[in-house]
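Please open the structure in your viewer and keep the selection tool at hand. The stops below proceed by helix and by helix pair.

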Amino acid sequence: MSKEVEDLKLLTPCMVDYLLSYYERLVRIGLIKRLGDRSFGIILPLHVYSLAANVLFEMRKRLPREVRVLDIGCGLGYGTNLVYELISSSFRHEIIGIDIDPDYISAAKEFFPDIDFRVLDASRMSLDDFGGRRFDLIIMSEVIEHIEPDIAIKILNNSRSLLSDSGLLIVSTPVREVYDLFVYTPGHINEMSIDEFLSSLQGLEFKLIGLYGIGFVDMRAVRLLRRLGLAARDGDKIKEFKSSFRYLRGMVFGVFFPKKYRCGLYTNHLQSVRCLIKFGCPKKLNYGEGAMIQVGVLRRVESQEDIS
C-alpha cells in the first residue's frame with residue numbers, strides 16, 4: 001500500500017440496530033426474496049452506504065444548501081434508499097440511482113418510488129445526462145469487480161467529470177485474497193488486492209483521502225489457509241471440496257475466524273444478519289490489515305500535480 005492517504009477524520013459509527021431494522025424492512029417489502037441466494041451478499045455493502053452518509057455529514061460545512069448524490073450500479077436500489085433515509089432529515093437533496101440493467105431499475109422504482117432511478121450506461125454517461133448539474137457525492141459500491149478494467153477506468157473518469165469542485169467519490173470492491181477465501185462469485189471478473197486497487201487509481205485525477213475496510217480478518221490466517229488450498233475460489237473456478245473436507249474446512253475456519261464463522265451457525269436468519277452486520281463494522285484500513293471489502297474515498301483534483 002504505497003500510496004499515502006490523507007486523513008478524512010471520518011466518524012464511522014456501526015449502526016447495527018438501524019441496519020438490522022432496515023434489513024427487516026427489505027424483507028417485508030419483498031426485496032430480500034427477490035435476491036434469493038444473494039440476500040446475504042447485500043449485508044456488508046450496506047456499510048458502504050452508511051459510510052457514504054457519514055461522508056456527507058463530514059462535508060456539510062462546505063456543501064451547498066441542496067446536495068446531489070449519484071449511485072452508480074444501484075441494482076435494486078436498497079443502498080440508494082439507505083442514503084436517502086439517513087440524510088433526509090438533515091439535507092435538502094436530490095438522489096439519483098443508475099444501472100445498465102432495465103429489470104433492476106424497474107424493480108428499484110417499484111420498491112422505492114420516491115427516488116429517481118434511471119437506466120444508464122455509466123461508461124457512456126456525461127454531464128448532459130443530468131441536465132448539466134454536478135454531484136457532491138458519487139457512490140460506486142461493488143461495481144468494478146463485475147466489469148473489465150478498461151471499462152472501470154472509463155467509469156471512474158466519467159465520474160470525475162460529474163463531480164462538483166469539492167465533490168467526493170466513494171468506491172468499494174472486494175479484497176481478492178480475503179473474499180475468495182470464503183466466497184466464489186462467478187460474475188467477479190476484476191477482483192483486486194488492496195495494492196492493485198490503489199495502483200488502479202494512479203494516473204487518474206483523484207486524491208485518496210480515506211481508505212476503509214469492512215469485515216476485518218487476520219491476514220496471517222488468510223495467507224496460511226490459502227497455502228493449504230482452503231480458498232473457495234481457484235482461479236476462475238469454484239473449488240470443489242468433498243463433504244469430509246468441507247467439514248474439516250469449517251472447523252479450521254471456526255478456529256481462525258470465530259466471529260465470521262459464528263454468523264453461519266445461527267439457525268435464526270436475523271441472528272445471522274445481525275452477526276454479519278457487527279462483523280462488517282467499517283474501520284480505517286491500515287497497511288498489512290485484511291478486510292472483505294475495501295472502500296476508497298476519493299477527492300477530485302484538477303491535475304496530477306495536485307495529488308502529491
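Begin by selecting helix α1 (residues 16-28) and helix α12 (residues 269-279), whose axes cross at roughly 135 degrees and come within 10 Å of each other. This makes α1 oblique to α12, a class left for angles that are not under 35 degrees (roughly parallel), over 145 (roughly antiparallel) or 65 to 115 (roughly perpendicular). Axes are lines fitted to C-alpha atoms, for helices over the stretch in contact, and angles run from 0 to 180 degrees between N-to-C directions. Helices here are DSSP runs (H or I, at least four residues), numbered from the N terminus.

The model is predicted: local features need pLDDT of at least 70, side-chain atom pairs count only at pLDDT 80 or more, and totals for chains, interfaces and linings use all residues. Residues are numbered from 1 along each chain as its sequence is written, and side-chain values use heavy atoms, with hydrogens and water left out.

Next, display the side chains between the two helices. V16, D17, L19, L20, Y23 and E24 of α1 meet H269, L270, V273, R274, I277 and K278 of α12, contact being heavy atoms within 4.5 Å. These residues comprise seven nonpolar, one polar and four charged; Ala, Val, Leu, Ile, Met, Phe, Trp, Tyr, Cys and Pro count as nonpolar, Asp, Glu, Lys and Arg as charged, and the others, Gly among them, as polar.

Move to helix α10 (residues 243-256). Its 14 residues reach 20 Å from first C-alpha to last, close to the 20 Å expected at 1.5 Å a residue, where the expected span is 1.5 Å times one less than the number of residues. Select R249, G250, V252 and F253, the buried residues of α10; buried means under 20% relative accessible area (1.4 Å probe, protein chains only). They pack against α7 (176-182), α9 (219-227) and α11 (258-263).

How do the axes of α9 and α10 cross? They come within 11 Å and cross at roughly 160 degrees; the two helices are therefore roughly antiparallel to each other. A221, L224 and L225 of α9 touch V252, F253 and F256 of α10, a contact of six nonpolar, no polar and no charged residues.

Now select helix α4 (residues 78-87), in which eight of the ten residues are buried. Among them are Y78, N81 and L86.

Finish at R160 in helix α6 (residues 149-162). R160 is buried, with a relative accessible area of 13%. Beyond its neighbours within four places in sequence, R160 contacts E205, F206, R300, V301 and E302.

Methods
Buried < 20%, exposed > 50% of the residue type's maximum accessible area, 1.4 Å probe, protein only.
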